[in-house]
Amino acid sequence: MDAKNVLLIIAGGIAAFKALDLIRRLRDRGITVTPVLTKAAQEFVTPLSVSALAASKVYSDLFDLTDEAEMGHIELSRSADLLCVVPATADLMAKMAQGHADDLASTLLLATDTPVMIAPAMNVRMWDHPATQRNLATLVGDGVQVVGPVDGPMACGEFGPGRMADVPDIVAAIEAALTDGPLVGKRVLVTSGPTHEPIDPVRYIANRSSGAQGTAIAAALRDLGAEVDFVTGPADVPPPAGVTVHPVQTAQAMLDKVQSLLPVDAAVCAAAVADWRVVGAADEKIKKDSKGTLPTLTFAENPDILATISQGKNRPRLVVGFAAETENVLDHATAKRDRKGCDWIVANDVSPETGIMGGDRNTVTVIDENGAEPWDDMPKADVARRLAARIADALA
Ligand code: C5P
């Protein structure tokens, strides 16, 4: 990678101290960091320590005439390969979403057409507040890449989403955003994980998918430079950093989200979508009856997301499906490719004795219009990298 320059905007939140570690790690990787501190950030970290770690002047004042003479604020943001806001406070996110430009940080963010990444960090209630969620949706719609936040204990003593993503994850996302991979400029959608189909407010029907393979695929596509929309059911493994995460619960919600994200260049449907949902899921918890009468569940078929997007009007150029089978794997998978209308099917045997579901390794066969291509047994991360490289070739 050529030497890259990140304009790092540090906003005023308790997580600001982690920006110091981030600066050190980015510089260790040969990335130049130009730091900007908001006024509030200077209450949490000193310009002197930021300047020392970044080996750079710290910018903080919009009306610093010397800097305007040396380097105008337009030039400051244009000379960067990426603008990163770490931490992104609720206030700065609101300003960004509204297009305010009343200090150096917000002005730089408005005066740029360089990619922007934010790592939000705030109290869980502030994060969950509809205003913040509205601003977040606006920023995602504007093409801002969002890393985290994650669940965890917070400085304020509460627990939940709002804790800033870990610094190594932010570094990984920044490195991916700076990579000139073969998928730069391409948008790829990945579905992953199981779906949960409610029976009542506390019970649901699910399957044993861990989301590991879909998560690895999203990370591998990201590493090749793709902009990844990751639509995930409730998985066991956390989503990768540096992708846009869209959490859903049910098959219907997954389909709605997927359709709202089209058009994309390619779609990889790795989710283990429940085939059926319970008709008329109860609004209250179903109670045991004193006479011992057993409840009866009636099922309806769920929409098929893979078939819907393969046959729909906004069809991605490349649609990849999975076929998890326990017998006659190739025959079933080949028939599935024809029936659903996708381009490739990645088939695997998920019989319990293979240990594939929930395990680290996978043995797959990729079926396309030319026939079946068996791959050796390998870690799921390697399956993901090989599949991502194949996708990059197909989209080239
Ligand atoms: O029919 P089956 O579930 O075996 O097909 C597997 C493939 O279809 C996977 O790619 C899965 O993500 C996708 N699928 C889907 N929507 C469904 C069922 C399966 O997208 N309702």
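Modeller: A residue is called buried under 20% relative accessible area, exposed over 50%, and partly exposed in between, with a 1.4 Å probe and protein chains only. The model here is predicted, so local features need pLDDT of at least 70 and side-chain atom pairs count only at pLDDT 80 or more, while totals for chains, interfaces and linings use all residues. Residues are numbered from 1 along each chain as its sequence is written, and side-chain values use heavy atoms, with hydrogens and water left out.

Colleague: Is Ala 101 buried, exposed or partly exposed?

Modeller: Ala 101 has a relative accessible area of 41%, which means that Ala 101 is partly exposed. Ala 101 sits in the loop between helix H5 (90–98) and helix H6 (104–110), where helices (H or I, at least four residues) and strands (E, at least two) are DSSP runs numbered from the N terminus.

Colleague: Which residues is Ala 101 in contact with, leaving aside its neighbours within four places in sequence?

Modeller: Contact means heavy atoms within 4.5 Å, and on that basis Ala 101 is in contact with Ser 106, Thr 107 and Leu 110, once neighbours within four places in sequence are left aside.

Colleague: Which residues are around the ligand?

Modeller: A residue is near a molecule if one of its heavy atoms lies within 4 Å of it. Among the residues around the ligand are Cys 269, Asp 275, Pro 303, Phe 322 and Lys 336, and helix H12 (305–311), strand S16 (318–325) and helix H13 (329–340) each supply at least two residues of this shell.

Colleague: Which side chain does Glu 325 join through a polar contact?

Modeller: The side chain of Glu 325 is joined to that of Lys 336 by a polar contact of 2.7 Å. Glu 325 lies in strand S16 and counts as buried because its relative accessibility is 10%. Not counting residues up to four places away in sequence, Glu 325 also touches other residues, including His 332, Asn 348 and Val 350.

Key:
A polar contact is a pair of N or O atoms within 3.5 Å; within protein, one must be able to donate a hydrogen and the other to accept it, and residues adjacent in sequence count only if both atoms are side-chain atoms.
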